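Please read it alongside the sequence and coordinates shown below.

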Amino acid sequence: MSPRSGVEQPSAFPEGPPIQERVAALEVLSPQDIDARLGDLGYRGQPEARRAASVLAYRHLRRIRRLYLEGLEPEPGTRENALFLGPTGSGKTFLVELMFREILGVPTVLADATQFSETGYVGDDVSTLLSRLYEAAERDVEWASCGVICMDEFDKLATSRSDSRFSGQQTTKDVSGFGVQRSLLHLLSAPQATFPPDFGFTSRIRSESLEMGCVTFIACGAFSGFRGTAENMSHVERVGFGREPGKGGQKDLDSIATRITEEHLENTTAFSRYGFIPELIGRFNRLVSFNPLDAATLGDILQDTVLRTWEREFAHEGLQLAVDPAVREWIVARALKRETGARGLRTALAPVLEQAAYEHFGHGKAATVRLVLKDDAVHTVRD
Ligand SMILES: Nc1ncnc2c1ncn2[C@@H]1O[C@H](COP(=O)(O)OP(=O)(O)OP(=O)(O)O)[C@@H](O)[C@H]1O
């Protein structure tokens with residue numbers, strides 16, 4: 001029986017531990033500890049975003065500890081929601097996943113904002129975000145109130161009402177855009193919110209109520225239109241987006257350091273021109289910029305995570321995988337060209353290693369398989 005709803009709910013999970021026990025079991029970590037753990041888990045680059053997010057995670061932890069271990073309700077207006085801005089594949093969602101789900105160990109939901117539609121229309125109602133949080137919290141509504149909701153592709157939620165300079169691309173999702181934003185605004189503002197514990201599949205199960213005071217919302221988006229915007233605003237101080245300034249010349253939009261200060265991003269007028277209702281953007285009191293990953297960071301990710309996974313797989317076959325430095329550079333260069341951040345590494349590497357696996361797996365003989373670059377293509381050599 002849930003203490004708040006007063007109705008019997010079918011539970012797929014056995015009774016969990018009391019909330020105080022769950023919260024007390026969370027490791028107390030400083031922002032610096034959190035940042036260091038991120039590194040241990042293979043997160044690379046983005047030092048400023050990591051710093052900001054580590055403090056956000058620390059504060060989240062403090063708030064739930066104060067509430068459930070010290071009995072101190074969160075002060076009104078102290079809810080912290082963050083907007084993570086930066087190009088695709090730069091590690092926005094990965095950071096949330098590692099930081100909240102793996103390191104803090106609180107219920108974490110990663111959702112795609114484009115899946116929502118207004119209540120009554122086809123698509124998910126925003127309240128199902130809370131249903132998912134409840135599921136992630138093993139159907140413990142108090143544990144769910146300690147959770148984090150991350151909405152990916154948040155920029156696509158908006159209806160572009162302005163010219164294409166601001167949107168990058170035009171979206172036709174104009175019918176539901178504002179309704180969904182208003183529902184989200186409610187979630188981000190309300191002290192409590194109700195949700196269907198069964199995702200609304202049946203009308204027999206009564207809604208649950210969730211305390212929202214400690215729930216942290218993080219919205220992630222590329223907001224690519226801002227790059228064009230910055231290009232047209234010569235007075236904008238250039239920080240945040242864009243590759244290193246001054247290397248690619250004015251013509252190449254990506255090499256133009258489209259760096260936007262938080263002051264500018266905080267300017268909700270810019271967001272409303274993007275199609276957002278200003279009140280909703282106003283609920284995100286922390287704006288965190290992610291940079292496109294540069295060659296050195298991509299090289300580290302390739303070495304420390306992507307290749308390591310493959311090396312293990314090769315080792316299971318009795319094979320040692322050796323990758324020439326020229327091949328690493330080739331893969332990084334390809335990934336940079338694709339402009340999909342770290343995702344591009346896997347895309348560039350997969351066909352090469354599949355070919356190597358095809359040629360050398362299953363023979364049961366120990367050997368070294370070396371990847372070498374010849375005529376701008378990767379070849380495998382078995383020693
Ligand atoms: N800074 C990073 N360090 C290590 N790995 C990273 C980093 N950034 C991205 N990756 C890898 O790339 C994958 C994709 O990153 P992620 O999903 O976080 O991108 P994103 O910034 O949220 O972009 P999108 O908006 O397209 O989802 C991750 O799962 C991870 O494997």
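## The annotated C-terminal region

Over residues 293-380 the chain is 61% helix and 19% strand, and the end C-alpha atoms lie 28 Å apart; helices (H or I, at least four residues) and strands (E, at least two) are DSSP runs, numbered from the N terminus. In UniProt, an unreviewed entry lists residues 293-380 for "domain: Clp ATPase C-terminal", where positions are given in the numbering used here, feature names are shortened, and annotations may be inferred rather than shown by experiment.

The model is a predicted one, in which local features need pLDDT of at least 70 and side-chain atom pairs count only at pLDDT 80 or more, while totals for chains, interfaces and linings use all residues. Residues are numbered from 1 along each chain as its sequence is written.

## Overall architecture

The protein has 15 helices and ten strands. Buried residues make up 41% of its 383 residues, a residue being buried if 20 or more other C-beta atoms lie within 10 Å of its own, exposed if 12 or fewer, and partly exposed in between, with C-beta atoms placed from the backbone. Of the contacts in the protein with a separation of 6 or more, 69% involve residues 24 or more positions apart, where two residues are in contact if their C-beta atoms, placed from the backbone, lie within 7 Å.

The domain assignment gives domain 1 (19-289) and domain 2 (295-382), with bounds that come from an automatic or database domain assignment. Eight residues of domain 1 are in contact with ten residues of domain 2. On the side of domain 1 that touches domain 2, the residues divide into one nonpolar, six polar and one charged; Ala, Val, Leu, Ile, Met, Phe, Trp, Tyr, Cys and Pro count as nonpolar, Asp, Glu, Lys and Arg as charged, and the others, Gly among them, as polar.

## The ligand shell

The ligand is surrounded by 19 residues, of which Thr88, Gly91, Thr93, Phe94 and Ala342 are the closest; a residue is near a molecule if its C-beta atom, placed from the backbone, lies within 6 Å of it. The shell divides into six nonpolar, nine polar and four charged residues. Its largest share, three residues, comes from helix 4 (residues 92-104), and at least three residues are drawn from each of domain 1 and domain 2.

Two strands pair if DSSP finds at least two bridges between them.

In strand 4 (residues 192-195), Ala193 and Phe195 form a covered face, whereas Gln192 and Thr194 form an uncovered one. Strand 4 is joined by four bridges to strand 5 (residues 208-211), and these two strands run antiparallel; the bridge partner of phenylalanine 195 in strand 5 is glutamate 208.

## Threonine 380

Threonine 380 is found in strand 10 (residues 377-382), and counts as partly exposed because it has 17 C-beta neighbours inside 10 Å. Leaving aside neighbours within four places in sequence, threonine 380 is in contact with Gln355, Ala356, Glu359, Val369, Arg370 and Leu371. By comparison, the C-alpha atoms of threonine 380 and phenylalanine 178, which are 202 residues apart along the chain, are separated by 54 Å.
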